[in-house]
Amino acid sequence: MFVPSKIFFTKGVGIHKDRLASFELALRKAGIEKCNLVYVSSIFPPKCRQASRSEGLKLLQPGGITYCVMARNDTNEPNRLVSSAIGLALPSDSEEYGYLSEHHAYGETEKKTGEYAEDLAATMLATTLGIGFDVNAAWSEREQTYKASGKIIKTKNICQSAEGDKNGLWTTTIAVAVFL
């Protein structure tokens, strides 16, 4: 069974008159257009190492089957705000698995979408690790609770937002965690 040993994060925006071509251009901006992408769910493997985007892109091969977690959103409404984000939460014990989450939204700022995705990943990990928290507390409060527990060492997100093309062309945003 294949268990990834590396991961990198990337993002992109594409704008085109055709929806599919807009997605292709977003993949190109992210640098992963040459891959056969297979979407997987949200587990960050134990002992997986985060690589830089540039290091990760160098390891891809044209036509290769490439596993990823992707958030994708698009619009052809002029000026409509779209965003896509991947959140990450890592346990302090590298022998344990972490979580990735994807979130895509309309009308949210890049910061709000990114923090929401990060919150989703951290909440999934917290419930797995048995960390008690107030579900109604703000993300900033829960984040402090999670990290104070000593069981969650790191959370982060990558987010791409864009306003819909003013002439009604398709605008696509993607945020991607690519497994290697």
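**Notes on the fold, strand by strand**

1. A compact globule of 180 residues would have a radius of gyration near 16 Å, and the protein, at 17 Å, agrees with that. Please keep in mind that this is a predicted model. Along its principal axes, the C-alpha trace spans about 50 × 40 × 20 Å. Buried residues account for 46% of the 180. The protein exposes about 9000 Å², and carbon and sulfur atoms supply 51% of that area.

2. Next, the layout. You will find four helices and nine strands, and from the N terminus the elements run β-α-β-β-β-α-β-β-β-α-α-β-β. Looking at contacts between residues at least 6 apart in sequence, 75% of them join residues at least 24 apart.

3. Five of the strands make an open sheet in the order 2-5-9-1-4, with mixed pairing. The edges belong to strand 2 (36-39) and strand 4 (49-50); each has a single partner strand, so one side of each is left without a neighbour in the sheet. Helix 1 (residues 19-30) packs on this sheet and touches strand 1 (6-16), strand 2, strand 5 and strand 9 (170-179). The direction of helix 1 makes about 140° with that of strand 1.

4. Strand 5 then pairs with strand 9 in the antiparallel sense over eight bridges, and Thr75 has Thr171 as its bridge partner in strand 9. Strand 9 is also joined to strand 1 by ten bridges, again antiparallel, with Val178 of strand 9 as the bridge partner of Phe8.

5. Ten of its ten residues are buried, so the strand is largely enclosed by the rest of the structure. In a regular strand, side chains alternate between the two faces of the sheet. Both faces of strand 9 are covered: Trp170, Thr172, Ile174, Val176 and Val178 are buried on one side, and Thr171, Thr173, Ala175, Ala177 and Phe179 are buried on the other.

6. Strand 6 (residues 81-91) is another one to inspect. Ten of its eleven residues are buried, so strand 6 too is largely enclosed by the rest of the structure. Eleven bridges join strand 6 to strand 8 (residues 152-163), and the two run antiparallel; Leu81 has Glu163 as its bridge partner in strand 8. Strand 6 also pairs with strand 7 (residues 98-106), antiparallel over eight bridges, with Ala89 opposite Tyr99. Strands 6 and 7 form a hairpin, with six residues between them.

7. Is His103 buried or exposed? Its relative accessible area is 13%, and buried means under 20%, so His103 counts as buried. The side chains of His103 and Glu108 are joined by a polar contact of 3.4 Å. Leaving aside neighbours within four places in sequence, His103 is in contact with Ala71, Ser83, Ser84, Ala85, Glu108, Thr113, Tyr116, Ala117 and Leu120.

Conventions:
Residues are numbered from 1 along each chain as its sequence is written. This is a predicted model: local features need pLDDT of at least 70, side-chain atom pairs count only at pLDDT 80 or more; totals for chains, interfaces and linings use all residues. Side-chain values use heavy atoms; hydrogens and water are left out. Buried means under 20% relative accessible area, exposed over 50%, partly exposed in between (1.4 Å probe, protein chains only). Two strands pair if DSSP finds at least two bridges between them. Contact means heavy atoms within 4.5 Å. Axes are lines fitted to C-alpha atoms, for helices over the stretch in contact, and angles run from 0 to 180 degrees between N-to-C directions. A polar contact is a pair of N or O atoms within 3.5 Å; within protein, one must be able to donate a hydrogen and the other to accept it, and residues adjacent in sequence count only if both atoms are side-chain atoms. The radius of gyration is taken over C-alpha atoms; the globule rule is 2.2 Å times the number of residues to the power 0.38. Accessible areas come from the Shrake-Rupley method with a 1.4 Å probe; for residues, only the protein chains shown count as cover.
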